Amino acid sequence: MRTHRRRHAAVFLFLSVAACLALAGTRSEAAVPLKSIRIASGLNNVLFVTSPPGDTSRLFVVEQRGPDNRGRIKIIKNGTLLSTPFLTTAVLPTGFEQGLLGLAFAPDYATSGRFYIHYTDTNNNVILARHTVSANPDVAQATGSILLSIPKPDVNHNGGWTAFGPDGNLYFTVGDGGGGDDLWDNAQNRDVLLGKMMRIDVRGPTYTIPAGNPFAGATPGLDEIWATGLRNAWRNSFDRMTGDLIIGDVGQNVYEEVDFAPAGTAGANYGWKCYEGAHRYLDSTTNPCQSCTDPACPMVLPAYEYSHESGRCSITGGYVYRGYDIPDLRGTYFFADYCTGEIWSGVFSNGSLTGVQNRTAELEPIGLSIGTISSFGEDARGELYICSDDEVYKIVPVNPTDVEPTPPPAGAALRVVGANPFRVRLQMEASSPVAARGTVEVMDAAGRRVRTLVDEVTWSGPRMIDWDGKNDQGRNAPSGIYWIRYRTETSEINRRAVLVR
Ligand SMILES: [Ca+2]
Ligand SMILES: [Ca+2]
């Protein structure tokens with residue numbers, strides 16, 4: 001594969017530049033050969049799978065619509081598809097991109113019972129609604145409450161993704177409003193929620209704006225917006241270990257793209273419709289600079305792009321694998337094209353997706369065709385799934401005895417993964433087998449707190465945590481011995497670190 005680095009003189013780039021690709025059809029050279037196995041069939045228009053944090057026995061399947069045009073969430077429990085749906089929606093509109101589109105369980109679902117759905121209603125609004133579980137853990141309350149209703153000018157480009165970030169806030173995307181070429185110039189317009197990613201805090205009765213939202217309060221632009229310049233970011237994900245955000249943004253006529261944002265990046269403008277992929281496309285008058293090339297309004301170009309050759313038409317963004325069953329795969333990002341059913345993998349490096357390989361031949365089940373790929377999904381242990389038409393597949397090793405699965409830690413764990421003693425950066429991995437609220441702090445040898453690294457955030461699985469050697473005031477801590485303290489509601493772990501200036 002050849003990789004060109006392109007320079008756009010007029011555009012200041014946060015991130016490195018897109019790769020221009022020749023997507024080779026070669027078989028993977030990964031150490032562990034993969035395959036996919038079908039774990040459920042007979043479903044209706046599957047668009048997503050996910051699990052509540054820490055729930056390792058159930059996988060929840062989102063059906064866009066059934067024959068009665070109602071969206072449903074169904075449960076695969078210990079490998080068996082339950083006949084009673086978890087949730088059945090009202091009758092939803094029948095457009096190709098309409099219906100029940102997204103689902104996210106609250107980090108504290110085990111106690112709050114709250115989950116969030118993203119769908120389109122019969123008035124062509126995009127709806128974000130909260131529901132709660134009933135007394136039966138496999139059945140939800142039928143009625144929920146609408147948190148946001150976003151009007152749209154056209155039926156397509158509804159976005160549809162929603163997920164909780166490592167900060168405990170709810171993120172979701174809405175497409176540019178539809179039509180083609182962003183007719184209404186919405187994606188660059190900070191005064192509409194179309195063509196955007198939003199971030200809201202849903203811990204209270206309705207929702208509030210988290211501190212740090214880029215256009216919060218008096219800053220011009222709608223307070224809910226987290227990122228702008230998206231065309232139709234259909235499937236996105238947080239790397240559950242690093243907190244990095246990965247976006248699969250569907251292109252217009254030629255280029256599909258993957259965008260990458262290091263954890264916590266607020267206010268990024270991903271370029272649409274000034275750019276399609278890494279290529280200058282149309283002008284925008286709603287951009288705050290009223291220009292696509294003013295360095296005062298910088299844009300982030302893709303970490304990766306591919307063109308519509310060979311029938312490719314629409315990216316289905318995926319996940320960075322962080323599971324336990326195939327340790328060799330950790331850090332590998334999987335994504336697909338909706339039209340061709342091709343699946344690729346790569347690794348993020350300095351903001352670019354590198355080493356992209358075609359994994360289709362491996363992951364196409366023998367004797368079966370996966371067909372169109374609407375989404376990937378991740379279960380509570382970080383294992384990955386593929387959603388296709390009426391079926392759900394799981395990515396597994398060809399020969400399970402080829403790999404030595406790493407069992408999830410029995411309890412919370414904290415280990416130093418980088419150099420120790422360290423000079424510049426202490427790298428750690430904190431993991432929790434179940435969703436738990438955790439705090440990570442740096443204490444000095446006298447037991448005084450030097451720095452709060454993670455403040456009461458809920459997560460499950462592994463999470464990468466860095467300490468840059470600074471205290472809470474941003475000043476360099478002196479050389480010496482420090483203790484990294486990881487506390488959850490039920491445990492406390494201390495690890496010794498030595499800072500050498
Ligand atoms: Ca504002
Ligand atoms: Ca873009």
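**Before you start**

The model is predicted, so local features need pLDDT of at least 70 and side-chain atom pairs count only at pLDDT 80 or more, while totals for chains, interfaces and linings use all residues. Residues are numbered from 1 along each chain as its sequence is written, and chains are lettered from A and ligands numbered from 1 in the order in which they are written.

**Stop 1: the whole chain**

You are looking at two helices and 32 strands; helices (H or I, at least four residues) and strands (E, at least two) are DSSP runs, numbered from the N terminus. The radius of gyration, 22 Å, is close to the 23 Å that the globule rule gives for 501 residues, so the chain is as compact as a globular protein of that length. That radius is taken over C-alpha atoms, and the rule is 2.2 Å times the number of residues to the power 0.38. Along its principal axes, the C-alpha trace spans about 65 × 55 × 50 Å.

Buried residues make up 47% of the 501. Here "buried" is used for a residue with 20 or more other C-beta atoms within 10 Å of its own, the C-beta atoms being placed from the backbone.

**Stop 2: the two domains**

Colour residues 34-402 as domain 1 and 413-499 as domain 2; such bounds come from an automatic or database domain assignment. Their centres, taken over C-alpha atoms, are separated by 31 Å. Where they touch, domain 1 gives 14 residues and domain 2 gives 10 residues. Contact is counted when the C-beta atoms of two residues, placed from the backbone, lie within 7 Å.

**Stop 3: strand β16**

Now zoom in on residues 245-249, strand β16. Are they buried or exposed? Five of the five are buried, so the strand is largely enclosed by the rest of the structure. Show the side chains: L245, I247 and D249 point one way, and I246 and G248 the other way.

**Stop 4: the neighbours of β16**

Strands pair if DSSP finds at least two bridges between them. Look for A233, whose bridge partner in β16 is D249. The two strands form a hairpin with six residues between them, and G243 in the turn has a positive phi of about 80°.

Finally, select residues 255-261, strand β17, also antiparallel to β16 and joined by five bridges. Here L245 has A261 as its bridge partner, and five residues lie between the strands of this hairpin.

Note on methods: Buried ≥ 20, exposed ≤ 12 C-beta atoms within 10 Å, placed from the backbone.
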